[in-house]
Amino acid sequence: MTISVDCAPPASAPQQHKEWLEDVALFEKQNPNITVNSIFENPCEVPASFTAMLKAGNEPNVFYTYFTDKNQVLDAGQAADITSYVNSKTVPALKDIVPTALAAVTAGKTLYGLPTVNYTQGLIINRVLFKQAGLNPDQPPTTWAEVEQDAKAITKLGHGIFGYGDYSAGNNGGWHFSSEIDAEGGHMINSAGTGAAFNSDQGKAVLQALHQMRFVDHSMSPTQQLAWGTLQKQMAANKLGMYIAAPDDIYNVIVPQDGGNINDYGMGPLPSTSGTPAGSLSGGNDYMFAKRDTPAQIEAGIKWLVFENLTPGVGFYNYARQKADGFPVGFPEPQMFTGATEAKQQQLMTKSATVNPAYFSTFASAHELAMGEPADAQAVYKTLDPVMLEVLTNPNANISQLLSTATGQVNQILANSG
Amino acid sequence: MSAHGFLIGAVLCFGFFSWYPICREIVMSFQKSRLGVTSWAGLSNYERIFRDPTFWTAWKNTLEFTVLALIIGYAVPFFVAILLNELRHAKGYLRCLVYLPVMLPPTSALLLFAYFYDPSYGLFNDVLRHLHLPVSQWVQSPGTGLPSMAMISVVIAATWMNMGGATLIYLAALQNIPGELYDAAELDGAGLFRKIRHVTIPQTRLILSMLLLLQIVATMQMFVEAFILTNGGAGVNNNTLSVVNLIYQYAFALSGASNYNSASALGVVLMLVLAVFSGGYLWLTRQTDR
Amino acid sequence: MADSTDRSLISAAQLNRHRVAYRVVLTLIVVIFTLIFIGPLYFLFSDGLKSTQEAVQVPPTLVPAHVHPGSYTAAWSRVGLGRLLVNTLYYAFGALALQLVFDVAAAYSLSRLRPVLGNVIFALMLATLMIPATVLVVPQYVTIADLPLLHLNLIGSPEAIWLPSVANAFNIFLLKRFFDSIPGDLLSAAAIDGASPLRTLRSVVLPISRPIIGVVSIFSLVAVWKDFLWPLLVEYGYNPNRETLNVGIFEAASTTPQNLVLAASAMAAVPTLVFFLIFQRNILSGLTAGSLKG
């Protein structure tokens, strides 16, 4: 019996491709009646493809989605109910999976998929610039005041180097704002999901910190309207001191694509006024099951996912192999597990670590609360982009007014989507 | 083989891959999908898009884009063709040059322009600074006036990428103008601009008119230029958001299956507008045909 | 063509009188146009020669600090350009062949054979020019996944790219216009000899249509070459050996160092440029001859 699984690393990512093929071979040997038909793609999800595939109903048997796609998949009627197939026997690590990750693939009492990656965000710092500016890279700043201070020191280095950077285009401005406000203790949307909640002291505090760094301290670049991809390049070129991201930015983007040096980066928790982040925007990916799957296919799919993505030491978590293949080991991501499973994962990771986990200790020990994304996330982020942009390009930006205008727009979006 | 026999291959392809999908699109615009159930939604998708303030912004932008594209993207190829037609040397070389950008994959060309337009480090502002001229924010200009610098920047990039085709077509048409007409005009004492107005333009009237229609229709459908240059199509304060960019946003960028039906509704509205416009244009120009 | 080579706006005599001014203007134009049209391409090609760190640098450097021609070879193998090129050529020429058969036949029919409802069909074809591709992409995909009546799934097969390309109203329009301008006596002579429409098409019409066929060919090849969204939807992932150039580079962009991606993009642009350089005479004569009266 065959199951098709997508998001397999293509040949243009040779090491990951090799590891995937090894895993498939091993899995098929252990389960002789299952054949895994891999669909190689990167990036794993392209919006137009995803929408088209759901409409046509020809998604793979086991298909990759972002946490935020849940409603779209459900509305398209393409998600199979796997509640009865998942228990502690079929998924040994079930009780240790981070609750917010499971919640992302559950609607009401029905389970629709298995999460495979979960992340929160922190503050990525450039250790090289920190040292050059006389700062201690093992103690990343935790409050906005400290960030402002450190950013000033780094900007003094000159040569086009800036201490802090942030996004303001391509929906990424709103995305980062969400994370920053979560850390501050605020919320994007009220708990009922009916109205915007970011026009608050917390929202203002975040924007004020950014505005201060840009126009008072001049520790942010005059070039704004940046979208995903730019800050990573600046970090790789050692022109940026700090920015907010999830750990995988380092080993997925900055090092392999932008040529950064793996040992030049560290992470601290998200900045907040208090120094202890109240939470972080979190996100992740999962695999769901196509509506047309047979029970046998669902069982096989679950077996594969457990093998590849939910067992420390095997498949995705085969740290020893990753180290042998030249991949960095030691990053605090994905944060999928708690309890005994997490302990096992940490132990294996430390044994094969190639980067110094101490570089990320303040981030890892902050144990940020994963907050999930707001309803209609992309639409909300899009609305906040101009707010971020105005704050970062207009010296006389009226933060209160910007937030209240955006509140009206977001309320309209929430009302429209019904 | 009968007349219809010759047609059948193309008609089948049109049928399956153009006409049928268009009908599906129209049907989808009247539906909504919730939790796997597709149901009749009547005009609610249309109501929703008309209620969206960005809808009106998008139409205003599309109009602005079209007018700008006519001034820059329509007039420039014509005058470049006239210029090239006068030269006696290097014609082949220049023709190739002009058509080169058309061959480039749009993403490559636009990434180049994105770099050129960067307000701090881009080539254009660099040059302006060296010439002691004021710099511009180009695509990132926040103004929403008519016209906005952001929109002009998008049109310039689009013109560079696409003018080659039109230029070559005009060039071909110019070569068909009988030389005696110019002789006659000169005998009447016409200078350069008079000759262009009274000989060149009237002689190429038909091709000019046809390309005008095609250009307008194509411009109103432009998507990838704004999309790549402004990271999503919207620009600052939505000042480069065209109708097609808005359709893309509804369909793919805002998450939620129901929004796809809104995208279909907007697509249908655009189709209607273009159809009415083209119909009207053709009817008007029909009267003045030879 | 004959009567247009006499003179244009500025007569030869006037040109001779202002020799110097002409030379100056000519040089200026060549220089300016080279800067405008080739200048940007320089960046595209030189970026590929930089090291990864330099390629992502902001502000970008004008000349690579160290030339790494190895980037081009590395890009070739890492991105698998050889395979991607072959695939894209396969799609492009297949689409071209189908278009030449079906679209030429259709244009000939609409122009010369006057089928019943011919005008309606032509109008419906032209109407498809009014619809932006972005709008149609999802319903087209859904249709291709399950063709009505035939219940075929074409995804992952080359037909998914070839067949929709035949629905090219612009090319049919150009072809029809050209056929419309063929002198009637040529065709009636053939008819008197008892030639069937097919025979007439093959022996009379096609030989003199070479210019317009050249034009239509280049438009068709370039369209397939540059297409991105559609091949992304129907060939991506399902058949890693069948991806097109643009899709392959897009995929590599997330996994490969920047300078290699730029080198790959530069190389991807070359085949169409070369093709144009080789065939430009045919193309331009096609645009001149008869298809665009007045």
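Residues are numbered from 1 along each chain as its sequence is written, and chains are lettered from A, with ligands numbered from 1, in the order in which they are written. In this predicted model, local features need pLDDT of at least 70 and side-chain atom pairs count only at pLDDT 80 or more, while totals for chains, interfaces and linings use all residues; side-chain values use heavy atoms, with hydrogens and water left out.

Chain C contains 15 helices and zero strands, where helices (H or I, at least four residues) and strands (E, at least two) are DSSP runs numbered from the N terminus. Of its 294 residues, 54% are buried; buried denotes under 20% relative accessible area, exposed over 50%, and partly exposed the range in between (1.4 Å probe, protein chains only). For contacts in chain C (heavy atoms within 4.5 Å) between residues at least 6 apart in sequence, 70% link residues at least 24 apart.

B:A90 lies in the loop between α3 (53–86) and α4 (91–103) of chain B and is partly exposed, with 31% relative accessibility. C:L149 lies in the loop between α7 (133–145) and α8 (159–166) of chain C; with 78% relative accessibility, C:L149 is exposed. In chain A, a cis peptide bond joins A:N42 to A:P43, with omega near 5°. A:P43 belongs to the loop between β2 (35–40) and α2 (47–56) of chain A.

Helix α11 of chain A (residues 295–309) has 15 residues and spans 21 Å from its first C-alpha to its last, close to the 21 Å expected at 1.5 Å a residue. The expected span is 1.5 Å times one less than the number of residues. Eleven of the 15 residues of α11(A) are buried, so the helix is largely enclosed by the rest of the structure. Among these buried residues are A:I298, A:I302, A:W304, A:L305 and A:F307, together with A:E308 and A:N309. The elements covering the buried residues of α11(A) include α1 (14–30) and the strands β1 (2–8), β2, β3 (62–66), β6 (113–120) and β11 (282–289) of chain A.
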